[in-house]
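Visitor: I am new to this structure and would be grateful for a close look at a single part of it. Please take me through that part step by step.

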Amino acid sequence: GAVAGPLRQGPLRTVSEAEAERIFREVFGGRSVKQVLEDEADRRVDGSLVDHGIFSACIREAMFTKLLLEAQAKAEMQKHVGHGESSTITTREKLTTEDGKGFIKVKHITYWWDGRVETD
């Protein structure tokens, strides 16, 4: 259902409050949606929060959406990695050169827990 604050149902919302909370805690070191949003909020040099006035709700919703997309991407990456630091997937493709000689192209993709992807 609809909730107040940064988790208010919006026209582009694609996950429930419970699912967002689960994803954020999984990806952002056990921190809740509220904690992550507070940590990411705009601050002045002295550390105090910036008051966006009538735009505050829009700013919060945009930040939530940005962080949710980031969290979903990291969660998807972590599925590839599992519980280790990284996971490498190797693919092999049979190819033929113009002169008819065959060879096998080997490709390695390494997925890291922090979201990095390396291809060689």
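Visitor: In strand S3, which residue is the bridge partner of Tyr-111?

Guide: The model shown here is a predicted one. In S3, Val-117 is the residue that forms a bridge with Tyr-111. This pairing belongs to an open sheet of 3 strands, whose order is S1-S2-S3 and whose pairing is antiparallel. At the edges of the sheet lie S1 and S3, the latter covering residues 117–119, and each of these strands pairs on one side only. On average, neighbouring strands of the sheet are turned by 15° against each other, direction ignored.

The two pairings can be taken in turn. Strand S1 comprises residues 86–96 and strand S2 residues 102–112; they run antiparallel and are joined by 11 bridges. Together S1 and S2 make a hairpin, with 5 residues between them. In its turn, Gly-100 has a positive phi of about 90°. Tyr-111 has a place in both pairings: in S2 it stands opposite Ser-87, and its bridge partner in S3 is Val-117.

Strand S2 also holds Thr-110. With a relative accessible area of 11%, Thr-110 falls under the 20% limit and is therefore buried. Leaving aside residues up to four places away in sequence, Thr-110 touches Ser-86, Ser-87 and Thr-88, as well as Arg-116, Val-117 and Glu-118. With one of these, Thr-88, the side chain of Thr-110 makes a polar contact of 3.0 Å.

Within H1, the buried residues are Ala-20, Ile-23, Phe-24 and Val-27. Seen down the axis of H1, they fall within an arc of 100°, so they line one face of the helix. Val-27 touches Ala-71, Lys-74, Ala-75 and Gln-78, not counting residues up to four places away in sequence. Just after H1, Gly-29 adopts a positive phi of about 60°.

Terms used. Residues numbered from 1 in each chain as written. Predicted model: local features only at pLDDT ≥ 70, side-chain atom pairs only at ≥ 80, totals over all residues. Heavy atoms only, no water. Contact = heavy atoms within 4.5 Å. Buried < 20%, exposed > 50% of the residue type's maximum accessible area, 1.4 Å probe, protein only. Helix = DSSP H or I, 4+ residues; strand = E, 2+ residues; numbered from the N terminus. Arc of directions from axis to C-beta. Pairing = 2+ DSSP bridges. Axes fitted to C-alpha atoms, helices over the stretch in contact; angles between N-to-C directions. Polar contact = N/O pair within 3.5 Å; in protein donor to acceptor, adjacent residues only side chain to side chain.
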